[in-house]
Amino acid sequence: MTPTSTPLALSRNPFGRLVLNQDGKPHLVNPVRAFPLSAPLLGISLVGEDGKEVLWVADMAAVDPAARALLDEDLAAREFQPLIQRIVSVSTFSVPSIWTLETDRGPVDMTLKAEEDIRKLHGRQNLLITSADGVHYRLPDTNQLDKASRKLLDRFL
């Protein structure tokens, strides 16, 4: 697919799904980031219902504002990643363990299945923690946590 630099013919159907009109044909599409953490605005694939790429968007900056707003809405819903603000408690220092967290989306209890579910993104301070039910929790800077939260987290790092 060729990168796009022209306005995208994007709209929503009556069911709220994104529709891309390309070559005179409507395609139901889902936007998927190629690099959601390291380059979230570069490389967006518009994937059709059959799982195949319909269009590649090289850079979101080249997309017209109306289409970009539609893409941003769908991507935000798809990429639900609460930010961890505080680790209140952990049930045990072995896995699986239940973590009680305060996030930007409110309090939550999540289960950590394995220590490998804590991934270091950019150095030791930026973490992505995946719960047993597949939700990704972001911790952009461990240095911003309170002392008690850092102490609990250090037992797993």
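Modeller: A salt bridge is a side-chain nitrogen of Lys or Arg within 4 Å of a carboxyl oxygen of Asp or Glu, and the structure discussed here is a predicted model.

Biologist: Which residue forms a salt bridge with R17, and how far apart are the closest N and O atoms?

Modeller: The cut-off to apply is 4 Å between a side-chain nitrogen and a carboxyl oxygen. R17 lies in the loop between β1 and β2, while its partner lies in the loop between β4 and β5 (53-59), 32 residues apart from it. The partner that forms the salt bridge is E49, with the closest N and O atoms at 3.8 Å.

Biologist: Are R17 and E49 buried, partly exposed or exposed?

Modeller: Exposed means over 50% relative accessible area, and partly exposed is the range between that and the 20% under which a residue is buried. R17 has a relative accessible area of 28%, so R17 is partly exposed. E49 has a relative accessible area of 61%, so E49 is exposed.

Biologist: Why do the buried residues of α1 line one face of the helix?

Modeller: In helix α1, the buried residues are A67, L70, L71, D74 and L75. Seen down the axis of α1, they line one face because they fall within an arc of 130 degrees.

Biologist: Which exposed residues does the face of α1 turned away from its buried side carry, and against which strands do the buried residues pack?

Modeller: The buried residues of α1 pack against β1 (10-12), β2 (18-22), β3 (25-33) and β4 (42-48). On the face turned away from that buried side, the exposed residues are P65, A66, A76 and A77.

Biologist: What is the N to O distance in the salt bridge between R86 and E102?

Modeller: R86 sits in strand β6 (residues 84-90) and E102 in strand β7 (residues 97-103), 16 residues apart. R86 counts as partly exposed at 32% relative accessibility, and E102 is partly exposed with a relative accessible area of 32%. Their side chains meet in a salt bridge with an N to O distance of 2.9 Å.

How values were computed. Residues numbered from 1 in each chain as written. Predicted model: local features only at pLDDT ≥ 70, side-chain atom pairs only at ≥ 80, totals over all residues. Heavy atoms only, no water. Buried < 20%, exposed > 50% of the residue type's maximum accessible area, 1.4 Å probe, protein only. Helix = DSSP H or I, 4+ residues; strand = E, 2+ residues; numbered from the N terminus. Arc of directions from axis to C-beta. Contact = heavy atoms within 4.5 Å.
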